[in-house]
Amino acid sequence: MASLRTAKKELRRHITHTLSRVSEQSIQSQSHAAKDTLFSLPEYQSAKRISVYLSMPQGELSTRSIVTEALRNGREVYVPYIHNIAQPNKESPASAMDMVALHSQEDFEGLQSDPWGIPTPDEHSISHRKCCLGQQRPEQKGADRSEEKSETLEIVIMPGMAFDQKLDRLGHGKGYYDRFLAQYQRSLENNPRPGNQMPFLVGLALEEQILPEGQGVPTNASDWRLDALIAGHQPVRRR
């Protein structure tokens with residue numbers, strides 16, 4: 001386990017150095033091309049409810065235009081929300097991620113940035129948003145949640161630090177997406193409904209984040225493999 005953590009840490013350090021040399025012009029060009037590729041996927045075209053990460057101000061493919069066009073075209077758009085766990089145990093992290101719905105373009109534009117510059121829903125707005133896991137959150141104790149229900153997703157668009165040719169993904173090290181997907185899978189198993197299935201997992205990347213043939217992302221059983229990977233101007237990769 002220690003060697004796996006070390007390998008992931010070293011790869012993150014290498015990719016961080018690589019990304020520091022990518023120009024803003026290149027990021028904008030690759031973001032536009034990746035958006036067009038995403039919108040051409042039949043899985044995206046048939047989806048009504050999608051999840052999209054909200055991008056950092058630099059060093060990452062921008063998703064702003066993806067969110068804007070998805071909302072304009074009438075899709076329900078869900079974005080990550082990190083919340084504290086009420087009673088974490090020693091083996092569990094103190095925070096977790098859910099996906100919560102945006103109400104509109106105005107709502108999206110009004111999101112405030114977190115310490116990393118990522119637009120984030122305000123905690124006081126969460127009780128008024130649809131969410132995927134429907135977890136009780138500490139800041140909402142005592143709130144009226146009678147109308148809340150868990151929502152299913154058709155596509156989850158994911159960020160990452162590095163990706164390989166097998167569509168394995170290296171995240172930023174917090175494990176939020178892997179834990180979210182594991183819990184999402186358990187919720188489907190515990191509450192089976194006709195037509196419910198795991199969402200189609202799409203990774204978005206800059207071309208500089210793709211490892212060369214023969215080099216793989218270090219993973220274990222808890223790491224989720226993507227269904228598709230879109231990197232800049234490159235053709236989509238599929239499992």
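**Strands, rings and a pocket**

Author: Let's start with a strand position: Ile157 stands opposite Val202 in S9. Keep in mind that this is a predicted model.

Reader: What makes S6 and S9 a pair of strands?

Author: Two strands pair if there are at least two bridges between them. Here 4 bridges join S6 to strand S9 (residues 200-205), and the two run parallel. With 4 bridges against a cut-off of at least two, S6 and S9 count as paired.

Reader: Which way do the residues of S6 point?

Author: Along strand S6 (residues 155-158), Ile155 and Ile157 point one way, while Val156 and Met158 point the other way. All of them are buried, and that label means under 20% relative accessible area.

Reader: On to the rings. How many aromatic pairs are there?

Author: The count comes to 2 aromatic pairs. One of them is Phe39 with Tyr44, a stacked pair.

Reader: Why is the pair of Phe39 and Tyr44 called stacked?

Author: The centres are 4.8 Å apart, and rings pair if their centres lie within 6.5 Å. Phe39 and Tyr44 are both buried.

Reader: Then why is the pair of Phe180 and Tyr184 called tilted?

Author: Their ring centres are 5.8 Å apart, with the planes at 50°. Stacked needs under 30 degrees and edge-to-face needs over 60, so an angle of 50° lands in the rest, which is tilted. Because Phe180 and Tyr184 are 4 residues apart in helix H6 (residues 176-190), about one helical turn separates them. Both Phe180 and Tyr184 are buried.

Reader: What is the volume of the largest pocket, and which residues lie nearest its centre?

Author: Its volume is about 1,200 Å³. The lining has 34 residues, with His172, Gly173, Lys174, Gly175 and Tyr176 nearest the centre. Elements giving two or more residues to that lining include strand S2 (76-84) and H6, while H1 gives the largest share, 5 residues.

Reader: How does that lining divide by residue type?

Author: The lining of the largest pocket splits into 16 nonpolar, 7 polar and 11 charged residues.

Terms used: Residues numbered from 1 in each chain as written. Predicted model: local features only at pLDDT ≥ 70, side-chain atom pairs only at ≥ 80, totals over all residues. Heavy atoms only, no water. Phe/Tyr/Trp six-rings, centres within 6.5 Å; stacked < 30°, edge-to-face > 60°. Buried < 20%, exposed > 50% of the residue type's maximum accessible area, 1.4 Å probe, protein only. 1 Å grid on protein atoms, 1.4 Å probe; cavity = no way out; pocket = protein on both sides within 12 Å on 5 of 7 lines; lining within 4 Å. Points joined across faces, edges and corners; volume = space filled by probe spheres on them. Nonpolar A, V, L, I, M, F, W, Y, C, P; charged D, E, K, R; others polar.
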